[in-house]
Amino acid sequence: MMLFSKKTYSNPLFAKFKDWSKLLGATGGAQILVQAIGFISGILIIRILPTDEYAIYTLANTMLGTMVILSDGGISAGVLSQSAGVWQDKKKLGQVLNTGFDLRKKFAIASLLVSVPILLYLLRNIDVNWYVAIIVVIALIPAFISKLSFSLLVSPAKVRQDILPLQKNDLEINFTRIALLLASIFVFPFAFVAILVAGISQIWGNYRLRKVIKPYVDFTQEQSAEVKKNILKIVYRTLPESIYYCISGQITIWILAVFGSTSSLAEIGALSRIALLLSLITVMFKTLIVPRYARLKNDFNLIFKRFVTIQFLLLLVFSVFLLAVFLFSDQILWILGPKYSNFNKEILLVMLGSSLNLFSGLTFSTCVSRGWVINPLISIPLSIFTMICCVMVFDVSTLYGVLLFNIVIALVHAIMNSTYGFIKVFKLKEIS
């Protein structure tokens, strides 16, 4: 008995649904496995590392994120945007990528000069001795360099929607990481070991990724002055926002590192680890949705429909996730171990803040993929004003106060980025 008529099978909407189902099924299945291995690695680190070492690990990982954002400054978004226009031309794609790498190298040096002294100060502030602090910084550098390269190398594959090789590469990175962790962390339960393992596995992944994209990227091409100019246009608009996000996005960790205790720092790091489950959404969104949205023609009806759909789906997914956390908080905390078993209220607040941050970030990525960048003279003062108000209202020396602070900041960002996206979409209607 046929479930659908021949007419249904020939319907373009049904065909599109079928294609997306296959793509999401293949991508989602592999990505679930990738995230599962990464999640297990994270839980292993939480359970094995002593509280003081996990506090160091949390602080170093937070600074790593800051360093990567500073070094990017909108370069990866610019490379993705430029790649979308030349994705079928091997030579031009090589020009775009090499131009991006040259810019990234200069930004990386500046990022290190700014970030390393701050990290050393924060480590010393939580009573880490100089010897350990310097070792942590040295261990962080391979992870930093490899993450910078990875964010550019994936752009050509994303634009061409060469998804399966990307998934395979992600699996190899995570299998390598967990294998190295199992071989080392039980014998050497130190933060710098866990950090170094992540860097080594990512370096291996980058080596494999270069082989994946080599058939359609000519790495021998010279840099392009025109491409550089176009990328820098996005960078100039994005960099102030990126610098601000370095502060606001990691401010909860920084506040606890300065005003809180080592245990509070470890607690927020462990609770936030559950939010990595949401990275499945982030990776799939940036791999499947953002490149396709970047390639859409400037047709108001089409872009409006896609943007509304994206916003609705993000809200739906995050709402379901929060409901699951509320219903199964005891089971989630059991995974983290006995040190974090009594934080039912805190885990829900962490997940709410993380969901809002991701909604804001993914909306921002959607806008930037089309070259829409909110004026920093609007976004930054608004955000700073919100932070000042939150500091006056909440006790940011406590874990609970910092989590409430984070939720309000994330909510303001989410509303701001979503509103800006709709404004840019409706401007297309005026043009057409």
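Reader: Which residues in H6 meet which residues in H7?
Author: This is a predicted model. In it, Phe 150, Val 154, Ala 157 and Lys 158 of H6 meet Leu 166, Asn 169, Asp 170 and Ile 173 of H7.

Reader: How do the residues of that contact divide into nonpolar, polar and charged?
Author: The contact of H6 with H7 has 5 nonpolar residues, 1 polar and 2 charged.

Reader: And at what angle do the axes of H6 and H7 cross?
Author: Roughly 150 degrees, and the axes come within 11 Å. Angles over 145 degrees count as roughly antiparallel, so H6 is roughly antiparallel to H7.

Reader: Change of topic. Where is confidence lowest, and where is it highest?
Author: Helix H1, residues 6-10, is lowest with a mean pLDDT of 51, while helix H13, residues 300-327, is highest at 87. Across the protein the average is 78, and 88% of the residues score at least 70. Where pLDDT is low, the predicted coordinates should not be read in detail.

Reader: Back to H13, then. How far apart are the axes of H13 and H14?
Author: The axes are 5 Å apart, and the two helices pack at an angle of about 80 degrees. H13 and H14 are therefore roughly perpendicular to each other.

Reader: Which residues meet there, H13 to H14?
Author: From H13, Val 325, Phe 326 and Leu 327; from H14, Ser 329, Gln 331 and Ile 332. By class, that contact has 4 nonpolar residues, 2 polar and no charged.

Reader: Pockets next. What volume does the second largest pocket have?
Author: About 220 Å³.

Reader: Which helices each supply at least two residues of its lining?
Author: H5 (90-125) and H6 (130-159). The largest share of the lining comes from H5, with 7 residues.

Reader: Which residues line the second largest pocket, and how many are nonpolar, polar and charged?
Author: The lining includes Asn 98, Phe 101, Asp 102, Arg 104 and Lys 105. Also among the lining residues are Phe 144, Ile 145, Leu 148, Ser 149 and Gln 223. By class, the lining has 6 nonpolar, 3 polar and 3 charged residues.

Reader: One more residue, Ser 76. Which helix does Ser 76 lie in?
Author: Ser 76 lies in H4, residues 75-86.

Reader: What does Ser 76 touch, not counting residues up to four places away in sequence?
Author: Ser 76 touches Arg 104, Ser 151, Leu 152 and Ser 155. Of these, Arg 104 also lines the second largest pocket.

Reader: And how far is Ser 76 from Leu 148?
Author: Ser 76 and Leu 148 are 9.1 Å apart in space, C-alpha to C-alpha, and 72 residues apart in sequence. Leu 148 is one of the residues lining the second largest pocket.

Notes: Residues are numbered from 1 along each chain as its sequence is written. This is a predicted model: local features need pLDDT of at least 70, side-chain atom pairs count only at pLDDT 80 or more; totals for chains, interfaces and linings use all residues. Side-chain values use heavy atoms; hydrogens and water are left out. On a 1 Å grid over the protein atoms alone, a cavity is a set of points where a 1.4 Å probe fits but cannot get out, and a pocket is an open set with protein on both sides within 12 Å along at least five of seven lines; lining residues have an atom within 4 Å of a point. Grid points are joined across faces, edges and corners, and a volume is the space filled by probe spheres set on the points. Helices (H or I, at least four residues) and strands (E, at least two) are DSSP runs, numbered from the N terminus. Ala, Val, Leu, Ile, Met, Phe, Trp, Tyr, Cys and Pro count as nonpolar, Asp, Glu, Lys and Arg as charged, and the others, Gly among them, as polar. Axes are lines fitted to C-alpha atoms, for helices over the stretch in contact, and angles run from 0 to 180 degrees between N-to-C directions. Angles under 35 degrees count as roughly parallel, over 145 as roughly antiparallel, 65 to 115 as roughly perpendicular and the rest as oblique. Contact means heavy atoms within 4.5 Å. pLDDT is the predictor's confidence in each residue, from 0 to 100.
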